[in-house]
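Subject: Structure handover

Hello,

Here is the structure I promised to pass on. Please open it alongside this message; my notes follow below.

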Amino acid sequence: MKKVLCMVMVAMTIGFASCGNNAKSEAPADEQQVEVSTLADDVTGQMSALLDEGNATKLGELIETVKAKAAELLATNPDLAKEYLGKVQSFLKDNAEKVKAVVGDNALVSTAVSTLVETPAESIISNLQQAVGNVENAGQEAVENAVDQANATAEEVKQAVADKANEAVDAANQKVEDTKKAAADKVNEAANKVNDKVNEGADKLLKGAGLK
């Protein structure tokens, strides 16, 4: 799990470095060469000090830093990234016995060292490039999913608004029908009362005339 997390972080480092380098001009090749040599000398110097101290934990952390730096260099110049890794690998190979003595039974650091030393620089670079591609693809997929979700939500909102509007129209129509029916009922009731009065009057007249 930790190894996967590290690869993701390294890949993200490349991605951020790529974005940053799009906004600034690249340094001349000779300056980059000097920078890489300086970086390699600096990190191998730190490794040498840690070996003298016998600090395996810090050595493991420094190896992860080397990978991250290689990823950063990869974003601008894969050849320089490979050269940087090569210099670090050469140092670890030249000091293999000392590294083994310091690492001891620390399985995590031992694996990190072995992976860095035994894996060709070209393969490490290839793996980093693949990791970058995976991160970019995942990022694109996340964007597309977010857009789809936003569109789906918008459609749901539109449908909800339409439903509410239809409900309001239906309610208004029902109100009109109810009002019309109530009015018709009132008219019929009034007409029935008038008819009752007329019939009642007719009955009285007929009775008065002895016809009923």
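Which residues in H5 are buried? They are Val99, Val102 and Val103. After H5 comes glycine 104. Its phi is positive, near 60°.

Before you go further: this is a predicted model.

Overall picture

The protein chain has seven helices and zero strands. Read from the N terminus, the order is α-α-α-α-α-α-α. The chain has 212 residues, and 21% of them count as buried. It exposes about 14,100 Å². Carbon and sulfur atoms supply 56% of that area. Take the contacts with a sequence separation of 6 or more: 75% of them join residues 24 or more positions apart.

The core

The largest nonpolar core holds 33 residues. Within it, Met47, Tyr84, Leu85, Val88 and Leu92 touch the most other members. Elements giving two or more residues to this core are H2, H3 (56-74), H4 (78-94), H5 (96-103), H6 (107-118) and H7 (121-208). H3 gives the most, with eight residues.

Setting aside neighbours within four places in sequence, leucine 92 is in contact with Met47, Val99, Leu116 and Val117. Met47 is also among the core residues that touch the most other members. Val99 is one of the buried valines of H5.

Threonine 44

Threonine 44 is in helix H2, which covers residues 29-53. Is threonine 44 buried or exposed? Its relative accessibility is 13%, below the 20% cut-off, so threonine 44 counts as buried. A polar atom of its side chain lies 3.0 Å from the backbone oxygen of aspartate 41. Not counting residues up to four places away in sequence, threonine 44 touches Lys87, Val88 and Phe91. Val88 is another of the core residues with the most contacts to other members.

Salt bridges

How many salt bridges does a search of the whole structure find? It finds four.

- Lysine 98 and aspartate 52: the side chains meet at 2.5 Å, N to O. This pair links distant parts of the chain, with lysine 98 in H5 and aspartate 52 in H2, 46 residues apart. Lysine 98 is partly exposed, at 37% relative accessible area. Aspartate 52 is exposed, at 53%.
- Lysine 67 and glutamate 64: the side chains meet at 3.6 Å, N to O. Both residues lie in H3, three residues apart, about one turn of the helix. Glutamate 64 is partly exposed, with a relative accessible area of 26%.
- Glutamate 72 and lysine 69: the closest N and O atoms are 3.3 Å apart. The two are three residues apart in H3, so about one helical turn separates them. Glutamate 72 is partly exposed, at 36% relative accessibility.

Lysine 82

Lysine 82 is placed in helix H4. At 32% relative accessibility, lysine 82 counts as partly exposed. Which residues does lysine 82 touch, not counting those up to four places away in sequence? They are Ala121, Glu122 and Ile125. Lysine 82 and glutamate 122 are 40 residues apart in sequence. Their C-alpha atoms are 6.5 Å apart in space.

The loop between H3 and H4

Asparagine 77 lies in this loop. Its side chain reaches the backbone nitrogen of aspartate 79 at 3.1 Å. The C-alpha atoms of asparagine 77 and glutamine 32 are separated by 9.0 Å. Along the chain, these two residues are 45 residues apart.

Then turn to Val99, Val102 and Val103, the buried residues of H5.

Best wishes

Technical notes. Residues are numbered from 1 along each chain as its sequence is written. This is a predicted model: local features need pLDDT of at least 70, side-chain atom pairs count only at pLDDT 80 or more; totals for chains, interfaces and linings use all residues. Side-chain values use heavy atoms; hydrogens and water are left out. Helices (H or I, at least four residues) and strands (E, at least two) are DSSP runs, numbered from the N terminus. Buried means under 20% relative accessible area, exposed over 50%, partly exposed in between (1.4 Å probe, protein chains only). A polar contact is a pair of N or O atoms within 3.5 Å; within protein, one must be able to donate a hydrogen and the other to accept it, and residues adjacent in sequence count only if both atoms are side-chain atoms. Contact means heavy atoms within 4.5 Å. A nonpolar core is a set of buried Ala, Val, Leu, Ile, Met, Phe, Trp, Tyr and Cys residues joined through side-chain atoms within 4.5 Å. Accessible areas come from the Shrake-Rupley method with a 1.4 Å probe; for residues, only the protein chains shown count as cover.
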